[in-house]
Amino acid sequence: MPENRIMLDVLKGKTVSPPPLWMMRQAGRYLLEYRETRRRAGSFLDLCYDPDLAVEVSLQPIKRFGFDASILFSDILVVPHALGRDVRFEEGRGPLLTPISAAEIAALDGETFHVNLEPVYETVRRLRAKLPDETTLIGFCGAPWTVATYMIAGHGTPDQAPARLFAYREPAAFLQLLKVLADQSAGYLIRQIEAGADVVQIFDSWSGVLDEVSFEAFCVRPVAQIVRQVRAVHPKVPIIGFPKGAGGHYRSYRQKTGVTGLGLDWTVPLTTARELQRDGAVQGNLDPLRLVAGGKALAAGVEAILGALGGGPLIFNLGHGITPETPIAHVEAMVKMVRSAS
């Protein structure tokens, strides 16, 4: 593996100044060129499954901003889609699925799972071939809990009450769903690594709605299962965990799952982030709305993160995905601020 991909150095525990920089959802609607490609693709899933177009949008932020990492353009819900579940995306409504029942969980069939996802693996292969040699390529999946919330409710909800209720009322079926998703997601990440991903990230966007007992059972254990399976095949490939909203659970999450790097949301105090950094690399955690606001708000946020975390292993990123209304000029300003740090 090339030695000039500085994000990999950070994930080994090294301090790099200035730190490597990328953004979650960096290939997205804030870019005019993305909106044009999205229009040509037809549906969102068509874009995810078209290697030519998926590579094109993955490269757009790299060409424009020169980020240190590119992340595969796809979606966490291709996993249930590849398992045969109905998934569609409607403008203004987001993802919509046919809610799964307890009986249907037992019937989930992964026989054609990797065949269905071959276009994604082809995207990874082509993307690695086209990226600059120094650019890290990140593969990803959704964490079982977060993916399960959409499968059960059929759409996103403010507090994922449908999935929480299902888990309490149908505990055996729910744990079976998490196991299926963990096993299939581990295989999905392994295939991405074999196709050329340098790093993989596990997104748990809804971990913050769970109580302590449920967090352990629904977030920590399934992710630990994924990490064990991936490490059994690719022991040296770094794994980043991003349990958004985990609050006081962040440290135990890293310890119990075994992830290499820890993605932090913007609510994590920088004093806490600095303590977490003692155990290894952290990633984050600029409030995406500071990037929308720009000016002094952006500068203050960037300076605070670099001041608190720049002396240790840091991957500079947002505390969640970039929002569509973000001005490109503000992204350019952020890149300049981070890159001028020393």
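P99 sits at 43% relative accessibility in this predicted model, so it counts as partly exposed, since the partly exposed class runs between the 20% cut-off for buried and the 50% cut-off for exposed. As for where it lies, P99 belongs to the loop that links strand 3 (94-97) with helix 6 (102-106). Setting aside residues up to four places away in sequence, P99 touches R85, E104 and a run made up of M151, I152, A153 and G154. P99 can also be placed relative to D86: the two are 13 residues apart in sequence, and their C-alpha atoms are 8.9 Å apart in space.

S74 is another loop residue, found between strand 1 (69-71) and helix 5 (78-82). Here the relative accessibility is 9%, and S74 therefore counts as buried. What does S74 contact once its neighbours within four places in sequence are left aside? The partners are F44, C48, V120, F140 and Y188.

Turning to helix 2 (32-41), the buried residues there include Y34, T37, R38 and A41. These four lie on the same side of helix 2, because the arc they cover around the axis is only 105 degrees. L32 and R39, by contrast, are exposed on the other side of helix 2. So where does the cover for the buried residues of helix 2 come from? Helix 3 (44-49) and helix 4 (51-65) are among the elements that provide it.

The backbone has a few spots worth a look. Most residues other than glycine have a negative phi, and most peptide bonds are trans. Against that background, R25 has a phi near 65 degrees, a positive value in a residue that is not glycine. R25 is located in the loop between helix 1 and helix 2. Q160, also not a glycine, has a positive phi of about 55 degrees. This residue is in the loop that runs between helix 9 (144-153) and helix 10 (161-169). Is Q160 buried or exposed? With a relative accessible area of 0%, Q160 is buried, as buried means under 20%.

Cis peptide bonds turn up too. One of them joins S17 and P18, with omega at about -5 degrees. P18 falls in the loop between helix 1 (6-11) and helix 2 (32-41), and R25 is placed in the loop between helix 1 and helix 2 as well. Another cis bond leads from G284 to N285, where omega is near -15 degrees. N285 is not in a loop but in strand 8, which spans residues 282-286.

Finally, there is an annotation to set beside the model. The UniProt record, an unreviewed entry, carries "domain: Uroporphyrinogen decarboxylase (URO-D)" over residues 20-29 and 138-154. In the stretch 20-29, the chain is 0% helix and 0% strand, and the C-alpha atoms at its ends are 23 Å apart. What is the make-up of residues 138-154? That stretch is 59% helix and 29% strand, with its end C-alpha atoms 28 Å apart.

Methods: Residues are numbered from 1 along each chain as its sequence is written. This is a predicted model: local features need pLDDT of at least 70, side-chain atom pairs count only at pLDDT 80 or more; totals for chains, interfaces and linings use all residues. Side-chain values use heavy atoms; hydrogens and water are left out. Helices (H or I, at least four residues) and strands (E, at least two) are DSSP runs, numbered from the N terminus. Buried means under 20% relative accessible area, exposed over 50%, partly exposed in between (1.4 Å probe, protein chains only). Contact means heavy atoms within 4.5 Å. UniProt positions are given in the numbering used here, feature names are shortened, and annotations may be inferred rather than shown by experiment. The arc is that of the directions from the helix axis to the C-beta atoms.
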